[in-house]
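Biologist: I'm new to reading protein models. Could you walk me through a few features, one at a time?

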Amino acid sequence: MKKELPKIYEPQEVEGRVYKMWEENGCFTARRDPEKKPFTIVMPPPNVTGQLHMGHAMDSTLQDILTRWRRMQGYSALWVPGTDHAGIATQIKVEEELRTKEGLTRYDLGREKFLERVWDWKAKYGGRIVEQQKKLGASCDWERARFTMDEGCSKAVREVFVNLYEKDLIYKGSRIINWCPHCVTALSDAEVEYQDKPGHLWHMRYPLSDGSGYLVVATTRPETMMGDTGVAVNPNDERYQHLVGKTCILPLMNREIPIVADDYVEMDFGTGCVKMTPAHDPNDFEVGLRHNLETIRVLDDNGKVNANGGKYEGMDRYEARKAVVADMEALGLMEKIEDYSHNVGTCYRCHSDVEPLISAQWFVKMAPLAKEALRVVNDGEVKFVPDRFAKTYTNWMENVHDWCISRQLWWGHQIPVWYCADCGHMTVSREDAVECEACHSKNIERDPDVLDTWFSSALWPFSTLGWPEKTEDLDYFYPTDVLVTGYDIIFFWVARMIFSACEQTKKPPFHTVFIHGLVRDDKGRKMSKSLGNGIDPLEIAEKYGADALRFNLVTGNSPGNDMRFYTERCEAMRNFANKIWNASRFLMMNLTIEQCALPDKLELEDKWILSRLNRVAAEMTENMERYELGVAAQKVYDFIWDDYCDYYIEFTKARLQGDDDAAKEQAQRVLCYVLVEFLKLLHPFMPFLTEEIWQALPHEGDFLMLQNWPTASEALSFPEEEKAVEMIKEAIRAVRGKRAELNVPPSKKAHLTVATAEADVFTLGIPLLKRLAYASNVTVNGVSAGGGSDEAARKGMVEVITSDARIFMPLNELVDMEKEKARMEKELKKNEAELEKLNAKLQNPGFVNKAPEQVVAAERERADKLAALCEKLKASLAAM
């Protein structure tokens with residue numbers, strides 16, 4: 001039954017209806033089929049707190065394109081969706097709501113009641129981002145959706161923690177960690193962002209204990225000096241060798257501290273003497289271990305001075321800094337203060353300055369785990385696209401520190417460790433402990449901390465498929481195939497997934513990491529709330545259609561590179577959708593056939609379009625295999641817009657509108673066949689539009705998204721005919737260009753004379769030239785394309801040259817010579833006057849020296865364009 005398409009394509013009406021149809025018919029459900037190869041992608045789980053932003057839209061579009069393409073290729077394609085509990089981010093959101101609406105803190109509620117509130121919040125908002133992804137066409141298997149704190153993922157987390165602890169790869173120790181006083185929690189190294197900030201270098205005098213003088217130490221952190229337990233110098237520094245082993249007095253605290261020699265100290269930094277604060281600096285901590293220095297912590301968890309800070313107790317760290325500096329100056333112990341810019345660590349979540357603190361935390365030993373994770377990338381078992389990111393990964397892995405995994409939060413996977421109050425034993429268990437495993441006392445208390453969010457997301461590729469159970473899904477769909485993600489989380493997530501999978505499953509989690517860049521605004525700036533330049537993808541999808549947004553994102557994308565988002569390109573992509581819609585409507589209005597099989601007889605232009613389609617299908621498949629999705633999208637765009645819509649439809653109109661029924665059916669069959677095939681090629685990129693059109697065409701099967709991906713066929717390769725029509729197309733373009741230059745309307749026909757060595761081709765192409773080059777008649781002279789132009793010029797001909805022909809048109813058939821000459825002379829005069837004025841401006845030093853550089857450059861460019869236009873007009877007048 002033939003359906004009709006409405007006059008106008010309304011994506012808002014189509015998209016929701018089509019998505020519902022796919023979902024209700026189980027089109028996204030992946031089945032374990034022994035006859036098929038599996039293809040698996042796990043979605044980087046967005047924060048459960050999240051709203052869809054342009055980065056998600058990019059991520060989602062690329063994954064959906066790959067999944068739809070592989071599904072059409074006959075793979076059993078599974079795209080596993082899910083959300084992340086996002087420890088700090090979610091807890092902060094719920095705490096904010098508590099504070100603003102009820103004036104309460106989490107401590108007022110207590111842990112259990114607070115967690116109930118978080119789960120309620122998750123139930124209320126957690127599905128929001130899922131619904132938003134559906135609006136973009138994400139073909140995930142929603143029945144397999146996971147959450148990092150669901151029962152299965154939680155079981156996997158506990159299994160990995162206990163397993164690593166039993167292998168001595170997880171330990172608890174007092175170490176210097178990154179601490180955020182604002183979020184009041186530890187951060188891993190990857191969660192610290194470094195910013196260059198202006199500061200000072202304070203040079204302070206520490207008196208020697210024997211009264212013989214003083215040392216001058218340089219520091220950027222005077223507020224921690226109350227925790228100093230030594231001064232270090234380089235053992236090769238002759239200035240201080242006589243002082244090593246002696247002591248000095250710590251000002252303000254009047255404490256005697258040793259002077260030690262350590263290679264860590266750079267002789268040319270500051271004075272060559274460095275104060276050692278082992279509780280507040282990772283390097284000082286290491287020096288302290290080597291020289292048995294005391295560790296005195298002087299800042300509490302909120303960044304305030306504690307009881308060890310003497311009279312400064314209770315002050316904020318920056319308030320204490322001012323007070324310490326003032327007191328040192330009053331004592332005459334401040335040598336000098338220098339301006340000094342340095343790298344300061346900030347919290348990735350709240351952007352407060354991070355405080356290095358000594359703290360008892362849980363760590364993962366990274367050196368043993370990094371070996372295999374490095375090997376699989378170095379040996380090519382895991383490839384990065386583009387491969388330059390492999391270097392980023394290996395650099396990080398080769399220099400990785402132990403991973404601090406404990407967080408002082410309530411929302412997250414609580415650490416499965418219980419401390420015995422009676423014997424002090426630590427019970428680490430896969431099940432909730434009810435007694436101490438050593439002394440069987442019931443007087444045990446669970447560690448209050450939770451695990452870093454990334455600990456659970458590191459297990460995502462296998463925990464989502466049922467691990468640690470040996471499930472059928474895990475057996476069939478794991479390892480997964482491709483991970484699609486931004487370059488900004490290679491350390492946070494990609495590296496941790498690789499070493500976790502290698503350790504727990506003895507296999508890498510995927511064979512390819514496909515890296516994309518950030519989506520920036522049209523000025524190249526990162527989209528952010530503070531700049532107010534964020535663009536809501538759902539608003540764009542609502543206005544232009546999800547397909548237009550997807551196509552904009554993919555055509556602007558090249559692996560690993562940032563892209564600028566131009567809203568006006570969405571308009572261009574909507575125009576592309578409308579072009580396809582109108583071409584399909586045109587075909588349907590002329591369609592009398594019930595199926596789109598190719599006819600036995602093919603005309604020259606039929607063979608050309610089929611050969612072009614064949615070539616595009618082969619090239620696109622090759623591009624997709626190399627993750628060049630933007631290149632593949634551009635190829636199908638050019639084929640549809642240029643070859644099919646602008647040329648082939650025009651080529652067939654004579655047959656469609658003629659009286660020969662056989663020729664009419666022949667044209668319909670090829671038009672319909674090519675349309676169906678390119679809808680398949682376009683489907684992964686623009687799924688809604690293509691499905692809607694396909695459903696209205698004669699077809700076999702139920703859904704376009706489950707059709708076979710087109711493959712190249714030798715039977716549809718016509719290189720000679722393809723070359724021939726490309727010659728004719730070039731001639732049509734050249735003639736049209738010249739006519740446009742001379743302002744000739746399409747209604748004014750002219751006789752074309754073609755001088756070419758390819759006479760047979762151009763003779764076959766006469767009907768096409770007559771229709772599309774607006775020719776009243778065409779004469780083909782089988783001569784060398786090199787001769788005859790002087791003679792033609794004497795006969796008042798206009799000439800255009802292509803790669804294979806010279807084409808002549810009588811000027812008097814095209815234009816009213818006198819009228820056109822007058823028009824061109826007037827235009828030349830106007831442009832020459834403007835050019836003269838512009839050149840005078842550019843020769844004026846007052847303008848050139850004072851105007852902004854870009855303004856001068858723009859005026860020069862305008863002058864160049866005007867000069868070129870004047871030359872062109874002179875040449876045309878001379879030809880007349």
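Biologist: Let's start with the open sheet: in what order do its four strands stand?

Modeller: First, the ground rules. This is a predicted model, where local features need pLDDT of at least 70, side-chain atom pairs count only at pLDDT 80 or more, and totals for chains, interfaces and linings use all residues. Residues are numbered from 1 along each chain as its sequence is written, and side-chain values use heavy atoms, with hydrogens and water left out.

Modeller: Now the general idea: strands of a sheet pair through backbone hydrogen bonds, either parallel or antiparallel. Strands are DSSP runs of E with at least two residues, helices are runs of H or I with at least four, and both are numbered from the N terminus. Two strands pair if DSSP finds at least two bridges between them. Here the order is β27-β26-β29-β28, with mixed pairing. β27 (775–781) and β28 (797–801) are the edge strands with a single partner each, so one side of each has no neighbour in the sheet.

Biologist: Which strands pair in the parallel sense, and over how many bridges?

Modeller: That's β26 and β27, over six bridges. In that pairing, histidine 751 sits opposite asparagine 777 of β27. β26 and β29 are antiparallel, over four bridges, and there alanine 755 faces arginine 806 of β29. β28 and β29 (residues 805–810) also run antiparallel, with five bridges; valine 798 has methionine 809 in β29 as its bridge partner.

Biologist: Which helix packs on this sheet?

Modeller: Look for contacts, meaning heavy atoms within 4.5 Å. Helix α23 (residues 719–741) touches β26 (750–756), β28 and β29, and its direction makes about 135° with that of β28. For such angles, axes are lines fitted to C-alpha atoms (for helices, over the stretch in contact), and the angle between N-to-C directions runs from 0 to 180 degrees.

Biologist: How many disulfides does the structure hold?

Modeller: A disulfide is a covalent bond between the sulfur atoms of two cysteines. Here we call it one if the two sulfur atoms are within 2.5 Å. The structure has one: cysteine 596 with cysteine 672, sulfurs 1.9 Å apart. Cysteine 596 is in the loop between α18 (567–589) and α19 (604–625), and cysteine 672 is in helix α21 (residues 661–682), so the pair ties together parts 76 residues apart in sequence.

Biologist: What does the side chain of glutamate 503 make a polar contact with?

Modeller: A polar contact is a pair of N or O atoms within 3.5 Å; within protein, one must be able to donate a hydrogen and the other to accept it, and residues adjacent in sequence count only if both atoms are side-chain atoms. Glutamate 503, in helix α15 (residues 490–504), makes one with the side chain of lysine 167 at 2.5 Å. Glutamate 503 is buried, with a relative accessible area of 17%.

Notes
Buried means under 20% relative accessible area, exposed over 50%, partly exposed in between (1.4 Å probe, protein chains only).
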